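Here is a short report on one protein chain. Please keep the sequence and the model in view while reading.

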Amino acid sequence: MSRVRVRRSGLVSFAVKLGSLLTGLVFTVLVTTHLSTSEFGLWSLIGKTLGYTLLPTSILAFWTTRYRARGVFLGKTIVVGSAIFSVVLSLVFLAISIPIASTIHGQVTSSSNLFFFILSSPQIALYTFAASFEALLWATSPERNSVGFASFEIAKVVIGFYMLDVLKLTLTGAILTVVFAQAFQFVLTIFLTRTEYKDKVSLQTISRMVKTGWLAILNNLHNLIRSFDFLVIAALTGSANLLAYFAAAVVISTITGYSAYLGQGLYPSVLAGADPKRATKEVLELQLLFLFPMILGGIFLRMQLLNLLNHVYAVASGVLLVLVIGSGFDAAQSLFEYTISASDTTDRDEAVNLSNYRHSKLFILSRINLSLAGAYLGSLAVVGVFFGPEILANPSSTSLLLHVGIIWASIYAGISFIALVLKVYFSHKIAPITLDFEMIRALLVGSAVFGILMYAFGRYYPFPLQNGEVLQALNIIGVGLLGLAVYVAIVYALSKTVRSLVKAIIQNLWALPNRR
């Protein structure tokens, strides 16, 4: 994969993720305004259950990308493998849905709860196939991988408007919206991968993937462990308001993490044999160019961004401040994880086993991620045990809830920083890189000016205060674009490296419509 393609795929992924922010917010508003509190809670629980069930699909996605990036065709094999996984995981989902459906009492009966779980079950197969096809695309054409995701996001909003706003189907409509949007994504990804089905079905390849699937699970298990944070806090504090404040801050801080998608082209590029040092340096420069203003924008416009969701969440600005910084660390560490993971070649050995991986780069990543995920969840458990009784005794104390929320966010930021330090250390052994001093100086000067502008706008500009108004969103976007224009002009003027990056961005984006 060429240097131009690494840049282009990262830019497309980044643009798609920013676009998904808008569609995601629109769909969230559709759901929250048409579902009752109990229905929204059940819908969230179903989503969590689906996520836990789908963890084994990472086996297919992980190995599909690694095989295909190294030139192996396996389209038909992946179709068969996805079908097998779909059947097994669908049965697992239905089996665990029976006890889970009876744990909440927001609906009339547990049997009605179970109906909504059953209605959601097609998502297992649709997600499994789509994830496998997108893994093929990630290895061969990461920008086309982003097209599949974009189709899901757009279809979700269009179908959701019809199901929820026109037909008034509430929870049934929300579930069917996701199912139909995934079906559209499934059909599109089949079309996008139409040239991949040149192989003969290899049950041996599927068997090998499954036998070595523990590695893929280990590389993704930390995400599952970290996703239990809400459950731990909920169980120990019993506070829905604490979860709401933190979740609102997470929605906004996620924007900062989108800069990580600039590195999407790095992983398949290094897998295919590209120089990891040059590729990592190139993507890191591009990521830093976007990351600095995204962090500062999130910090200085945090009140306005939270108010955009709902004015009641503006009190969580302290939580958001810490989360934005933590999300920046998280986004940066993902780039170095790509470098470490893609440079490992242990899986090329046909006789691969656990002993081969014990000292591999992939296993180092797994140990880092799992250890930090365990530390994160363990720290939250301590916080929950310590503050839980006080919150249960004073459930309406907003100051107490926000205090715990800031501690929670600080734990997340601390864990993300440690992950960044460790991955920079191990990545440096593989691809030692140094950044141009002129570029760093330009980024710091540009960021300082951008930060001053955002602080001034956040403090003195009369943003509309109407909750969720389009005018409010346009004001925030306008202020952000104005600050970004000043920032880019400064770093462009001060750094030759940035001038090359900006020219490359324009050339790559201009070339996209002309690609076949």
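## Basis and confidence

This is a predicted model, in which local features need pLDDT of at least 70, side-chain atom pairs count only at pLDDT 80 or more, and totals for chains, interfaces and linings use all residues. Residues are numbered from 1 along each chain as its sequence is written, and side-chain values use heavy atoms, with hydrogens and water left out.

The chain has a mean pLDDT (the predictor's confidence in each residue, from 0 to 100) of 80. A value of 70 or more is reached by 80% of its residues. Confidence is highest in helix 19 (residues 398–430), with a mean of 92. It is lowest in helix 13 (residues 266–271), with a mean of 48.

Over residues 1–8, where pLDDT is under 50, the model has 29 contacts (heavy atoms within 4.5 Å) beyond four places in sequence. Residues 105–110, also under 50, have nine such contacts. Where pLDDT is low, the predicted coordinates should not be read in detail.

## Overall make-up

The chain holds 22 helices and zero strands. Both are DSSP runs numbered from the N terminus: helices are H or I with at least four residues, strands are E with at least two.

Of the 516 residues, 51% are buried. Buried means under 20% relative accessible area, exposed over 50%, and partly exposed in between (1.4 Å probe, protein chains only). Among contacts with a separation of 6 or more, 85% join residues 24 or more positions apart. The accessible surface (Shrake-Rupley method, 1.4 Å probe) is about 22700 Å². Carbon and sulfur atoms supply 69% of that surface.

Helix 4 spans residues 75–101, 27 residues in total.

I84, V87, V88, L91, V92 and I96 form a nonpolar surface patch. Together they have about 490 Å² of accessible area. I96 lies in helix 4. I96 counts as partly exposed because its relative accessible area is 31%.

## Serine 327

S327 sits in helix 16 (residues 317–342). Its relative accessibility is 6%, so S327 counts as buried. Leaving aside residues up to four places away in sequence, S327 touches S253, T256, G257 and Y412.

Conventions: The expected span of a helix is 1.5 Å times one less than its number of residues. Patches are made of residues with over 30% relative accessible area and no salt bridge: like charges are joined within 9 Å, nonpolar side chains (Val, Leu, Ile, Met, Phe, Trp, Tyr) within 5 Å. A salt bridge is a side-chain nitrogen of Lys or Arg within 4 Å of a carboxyl oxygen of Asp or Glu.
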